[in-house]
Amino acid sequence: MTDATLDCPAWLDRFRTEAPRLPVPPVFRPAPAARAAAVLILFGDGPAGPDVLLTERAATLNKHAGQPAFPGGRIDPGDDGPVAAALREAWEEAGVEPSGVDVLCTLPELYLSHSEHRVTPVAGWWREPSEVAPGHPGEVATVARVPISELVDPANRLMVRHPSGIRVGPAFHVRDMLVWGFTAALLTQVLGAGGWERPWDTSRVEDLPEDVVTLAARDRAVDAAARD
């Protein structure tokens with residue numbers, strides 16, 4: 001649901017209407033037994049215009065190492081649902097003051113099969129931006145406000161594939177980060193819902209860099225061991 005009384009910029013109007021009813025691709029349809037998690041899609045009005053907050057996980061982590069992502073994580077027992085969890089994680093990971101964020105809406109749940117999580121994306125308007133920085137030493141390497149203009153720039157968009165030849169999906173080259181996987185798929189939906197997407201060359205396909213493949217393989221190995 002959206003709150004029509006929120007005082008947020010007009011450029012978010014279409015997103016607020018379209019995002020709660022985004023279709024869920026079959027690969028992301030939730031499994032009821034999966035663990036509940038939430039992420040925060042935080043829109044702001046930065047020095048370079050409208051932007052969205054992304055983090056990059058530390059390469060030393062056992063889980064999701066080196067991956068750009070929205071702030072977020074598992075919903076803890078003390079959280080009052082996905083909204084509270086998303087705001088808490090954004091504070092812990094990036095220093096986002098929850099009191100400065102107005103919640104716009106929640107998006108349909110998405111299922112991450114390799115980690116067995118069902119993720120609720122929570123969209124927010126950064127009414128009163130706070131200074132941000134990596135909050136967990138050794139867990140978050142980078143926090144970046146990425147302008148939407150950079151995300152939709154056709155020069156920054158591509159498809160990626162595993163070196164084995166398997167096509168992985170859309171990706172973005174922004175702020176010295178390769179955004180791919182779940183985060184890139186969700187970003188693609190977000191840009192479409194907001195009406196910001198521009199035509200780009202979907203035939204541009206690159207292999208995932210070797211270091212990214214290595215870290216992703218380690219992540220999957222940890223998930224497999226946890227299930228054994």
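## Surface and overall composition

The protein has an accessible surface of about 10,800 Å², and carbon and sulfur atoms account for 54% of this area (Shrake-Rupley method, 1.4 Å probe). This is a predicted model, in which local features need pLDDT of at least 70 and side-chain atom pairs count only at pLDDT 80 or more, while totals for chains, interfaces and linings use all residues. Residues are numbered from 1 along each chain as its sequence is written, and side-chain values use heavy atoms, with hydrogens and water left out.

The secondary structure consists of 5 helices and 12 strands (DSSP runs of H or I, at least four residues, and of E, at least two). Of the 228 residues, 49% are buried (under 20% relative accessible area, 1.4 Å probe).

## Nonpolar cores

The largest nonpolar core comprises 41 residues, and F15, F43, L104, L107, L186 and W196 have the most contacts inside it (buried Ala, Val, Leu, Ile, Met, Phe, Trp, Tyr and Cys residues joined through side-chain atoms within 4.5 Å). Helix α4 (residues 181–194) gives the most to this core, with 8 residues. Another core, of 15 residues, lies apart from it and includes L40, A90, A94 and V143.

Beyond its neighbours within four places in sequence, L107 is in contact with residues including F15, I41, P121, L186 and V190 (heavy atoms within 4.5 Å).

## Second largest pocket

The volume of the second largest pocket is about 190 Å³. Its lining has 13 residues, with E56, G66, L178, D211 and V212 nearest the centre. Helix α5 gives the most to this lining, with 4 residues.

Technical notes. Buried means under 20% relative accessible area, exposed over 50%, partly exposed in between (1.4 Å probe, protein chains only). On a 1 Å grid over the protein atoms alone, a cavity is a set of points where a 1.4 Å probe fits but cannot get out, and a pocket is an open set with protein on both sides within 12 Å along at least five of seven lines; lining residues have an atom within 4 Å of a point. Grid points are joined across faces, edges and corners, and a volume is the space filled by probe spheres set on the points.
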